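Reader: I am new to this structure. Please walk me through it, feature by feature.

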Amino acid sequence: MCQQTKAGIALLYNKETSNTYDVRLKLTKEVLTIQKLDVVCTRGGDPQLNVHLLRTAGEEVTITVRYLREVPSFLKLPLGSPVPSAGQRVSSPLFDSGLHLNGNSSNTAPSSPSKPSAIEPKYEKRWLDAVSLPLLMARVSRYKAVTAKLRSNSFEVCALDGTSTNILQFCTAAESIDWLQAIATNISDLTLENMKMINRYCSPDDQIVHMAWVCENPQNDAGPSSTFKFLALRGPSLYIFRTPPVSGTDWGQAETMYTLYEVLLKVHKDCWIQAKFYLGLQQDEDLQDGEPFCFSILVGHGQSHTFSVEMTSDLAVWEKSFQRAVFMEVQRVGSKTYMCSSQSKVLCLTIDFGSGFTCSESSSKSILWRYKFSQLKGSSDDGKTRVKLLFKNAENKQIEMKELEFGNLTAVLHCISSFMAAKVASVDPVFVKCQSISGKYMS
């Protein structure tokens, strides 16, 4: 990604007053600045003049300047002294320097007080900085408050400290997307730099693969409204935060944590939309129905989280990052064992990255059966606790069914899927090469 700098005009919608007005946006690598049009005095005039009065006075302002006759204190004369008449020399810093009230440097008498020299004040409209938002850990969103719908031609930027731009509106969808992508790119680049800095001081088993803001959608209409969450793929876990972790201790304050190989990521949008996007045939502004770009995290006991992102490119990033994080974690742990039962016997099922499936008795540890990943030909489950695994016997080529019962069946099935996907990916030279490149990029 390439960091962007931009400047342009937008409409700012104030939610408190329900009014809109022109603002100027300035985007740099680290800051988004909002400038508002103001009136400033550029020449002469009273420097203490209330600019607020000028701002609210309309297009034209008339200023009356009066000549002050009571100038003894300015000339350092005794109080009550008359103003010096023409030709009269007075001892004061002003007169002693050779300068006179009319601004001349000659020794001639000053001009009549009734005709003083004055600089006519000049006022101009200028763009002045009103709000500056740091982009590190900031979020940009088109989502409407408490809904999962996208705004049309507008978005909002919120800094880590809660400072907001309010809603920025643009004339066209293309202009809105252009600004959205530029700001999102700079936020992403700063996040990546922060990740790389953190990863330098972490062990290889605790690296951050990806982290970003998402919008969590309610599971049903009766559920709570949509809320923004911060997701992170780090080491063995998927973290869900209410606010981004800034310090080391913040990582222990996650709202929820899940073991990576026991959850699945499912993208909601049809594959053809992503395919068109990759081919350059699909742009985010082509989707006019206001529907969000969503993915779900499927966790144990049939539970799930549904998240929305701003663009289809975000979906692709999350999908690829999740695959990479799971692959790294499966390779790190090597195997996972779950307690189970079959025909009233307590058993252990071990899923091993190298050898596949092994079932043994819990007490004696004696092996009952063993199959490679490639021998698994199918499965079915009751959606609760029981699963039937169908293996192909390597010798007689017959299908053998093994029925097992688990306390958390969903986690086991997700683990099997994660290990098998990692096994397949490990023999794909393109995927393995990408993981090597990504590792260098992150660190």
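The dialogue below takes up the sheet, the cysteines, a surface patch and the salt bridges.

Author: This is a predicted model, where local features need pLDDT of at least 70, side-chain atom pairs count only at pLDDT 80 or more, and totals for chains, interfaces and linings use all residues. Residues are numbered from 1 along each chain as its sequence is written, and side-chain values use heavy atoms, with hydrogens and water left out.

Reader: In what order do the seven strands of the open sheet lie?

Author: Start with the general idea. Strands of a sheet pair through backbone hydrogen bonds, either parallel or antiparallel. Strands here are DSSP runs of E, at least two residues long, and helices are runs of H or I, at least four long; both are numbered from the N terminus. Two strands pair if DSSP finds at least two bridges between them. In this model the order is β4-β3-β2-β1-β7-β6-β5, and the pairing is antiparallel.

Reader: Which strands stand at the edges?

Author: They are β4 (122-134) and β5 (139-141). Each has a single partner strand, so one side of each is left without a neighbour in the sheet. From one strand to the next, the twist averages 40°. Such angles run from 0 to 180 degrees between N-to-C directions, with axes fitted as lines to C-alpha atoms.

Reader: How many bridges join β1 to β7?

Author: Three. Strand β1 covers residues 6-14 and β7 covers residues 164-169, and they run antiparallel. Look at L11: opposite this residue stands Q169 in β7.

Reader: How many disulfides does the model have?

Author: A disulfide is a covalent bond between the sulfur atoms of two cysteines. The rule used here asks for a pair of cysteine sulfur atoms within 2.5 Å. The count is zero.

Reader: Which residues form the nonpolar patch on the surface?

Author: Patch members have over 30% relative accessible area and no salt bridge; nonpolar side chains (Val, Leu, Ile, Met, Phe, Trp, Tyr) are joined within 5 Å, like charges within 9 Å. Here the members are I9, L37 and W127. Together they have about 250 Å² of accessible area, computed by the Shrake-Rupley method with a 1.4 Å probe, where for residues only the protein chains shown count as cover. I9 lies in strand β1. I9 is partly exposed, at 42%.

Reader: How many salt bridges are counted?

Author: The rule asks for a side-chain nitrogen of Lys or Arg within 4 Å of a carboxyl oxygen of Asp or Glu. The count is 11. One of them joins K6 and D178, with the closest N and O atoms 2.8 Å apart. This pair links distant parts of the chain: K6 sits in strand β1 and D178 in helix α4 (residues 173-200), 172 residues apart. Both are partly exposed, K6 at 22% and D178 at 34%.

Reader: What does E405 pair with in a salt bridge?

Author: Its partner is R386, at 3.6 Å from N to O. E405 is in strand β21 (residues 399-405) and R386 in strand β20 (residues 386-392), 19 residues apart. E405 is partly exposed at 30%, and R386 is partly exposed at 44%.

Reader: Which residues are linked in a network of salt bridges?

Author: Look for E216, K229, R242 and E255.

Notes. Buried < 20%, exposed > 50% of the residue type's maximum accessible area, 1.4 Å probe, protein only.
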